[in-house]
Amino acid sequence: MRPKVSVVIPFYNCPYIEHALQSAFSQSWEPYEIIVVDDGSNAHSNLITPYLSRIHYLGKGNGGTASALNHGILNATGDYVVWLSSDDLFYRDKINNQVLFMEQNHLLISYTNFNYINAQSQLVQLNAAPLFPSHLDYLRCFLHGNPINGCTVMFKREVFGAIGLFDESLPYTHDYDLWFRAILNGYPPVLLNQSLTAYRTHEGMGTIKYFDVIMAEAAATNARYKNSLQHLISSMGG
C-alpha cells in the first residue's frame, strides 16, 4: 500500500508562505495532508486564505517553532512526516524520492542535500550539505555543530514514540537536540544525497537576527549530549 505523507508547515508572520504551499501542492508524490500550524501570527495570515479548502489549518498561541512542529506532528495521520519551513521550498520530487529511499532502506529518519536560494527565489548555492567519508566522521561532526538542515528531514511518524518530540524549551536548536536523541537511541538520520529542498536566506530569518543567542543555545545543547555521543563513538572504534 502506498505510504501516506503528512507535510507540516510551521507559520509565523512569513511573507513567503504561498511559495512553500505551492511547492507542497506541486509534488509528484501527492501529500496525504498539508498541515499549516499558525503559531499566533499577526501578519501575512491572509496569504493562506485562498488555500484553506486544501489544507488543515491549525491555530495556536505563539510558542515557537518547536511547539508548532509538535502540534502538527500530533495532528498528523500519515505514515511519514516532513517538515517544510514557511520560507523554504520543496522541489517537485522531494517526497517521492525520499519516501522511496526510506522504504528501500527501512529507515525511520532521513535527510537530504539542499540548495540555497535568496529572497527572490534565485539560486545561490548548489548542494550545500556537508558530506562525510565515513559514519564515524558523520557522528563526530555533531560534537562541533549541526550538519543537518531540518527542513530536509523526513520522519516515520512512529519514531517520535521512541525518541520523543521536539524540545519546546529550545527556541532555535530543537532540531539539533532531536538529532542527538535520535543518534543515541540508535536511529541516526541517514543522508539521501540529492538536493530536494531550497533553503531561503533573507534578512528576516532567525538565524541572522538571533545569531549570538543561537550559538549560545547550540553550545548548551552540545554540552548536554557530548559525553554520551563521545562514548558511543568510542564504542564503535572511533
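Guide: Helices (H or I, at least four residues) and strands (E, at least two) are DSSP runs, numbered from the N terminus. By that naming, N13 lies in the loop between β1 (5-11) and α1 (17-25). This is a predicted model, in which local features need pLDDT of at least 70 and side-chain atom pairs count only at pLDDT 80 or more, while totals for chains, interfaces and linings use all residues. Residues are numbered from 1 along each chain as its sequence is written, and side-chain values use heavy atoms, with hydrogens and water left out.

Visitor: Why is S121 called partly exposed?

Guide: Buried means under 20% relative accessible area and exposed means over 50%, with partly exposed in between (1.4 Å probe, protein chains only). S121 has 33% relative accessibility, and therefore it counts as partly exposed.

Visitor: How do you know that α6 is mostly covered?

Guide: Ten of the eleven residues of α6 are buried, among them H174, W179 and I183.

Visitor: Why is α6 called roughly parallel to α8?

Guide: Axes are lines fitted to C-alpha atoms, for helices over the stretch in contact, and angles run from 0 to 180 degrees between N-to-C directions. The axes of α6 (residues 174-184) and α8 (residues 211-235) come within 10 Å and cross at roughly 10°. Angles under 35 degrees count as roughly parallel, over 145 as roughly antiparallel, 65 to 115 as roughly perpendicular and the rest as oblique, so α6 is roughly parallel to α8.

Visitor: Which residues of α6 and α8 meet?

Guide: Taking contact to mean heavy atoms within 4.5 Å, the residues that meet include Y176, F180 and L184 in α6, and A218, Y225 and L232 in α8.

Visitor: What makes a set of residues a nonpolar core, and which members touch the most others in the largest one?

Guide: A nonpolar core is a set of buried Ala, Val, Leu, Ile, Met, Phe, Trp, Tyr and Cys residues joined through side-chain atoms within 4.5 Å. The largest nonpolar core has 66 residues, of which L21, F142 and F155 touch the most other members. Helix α6 gives the most to this core, with six residues.
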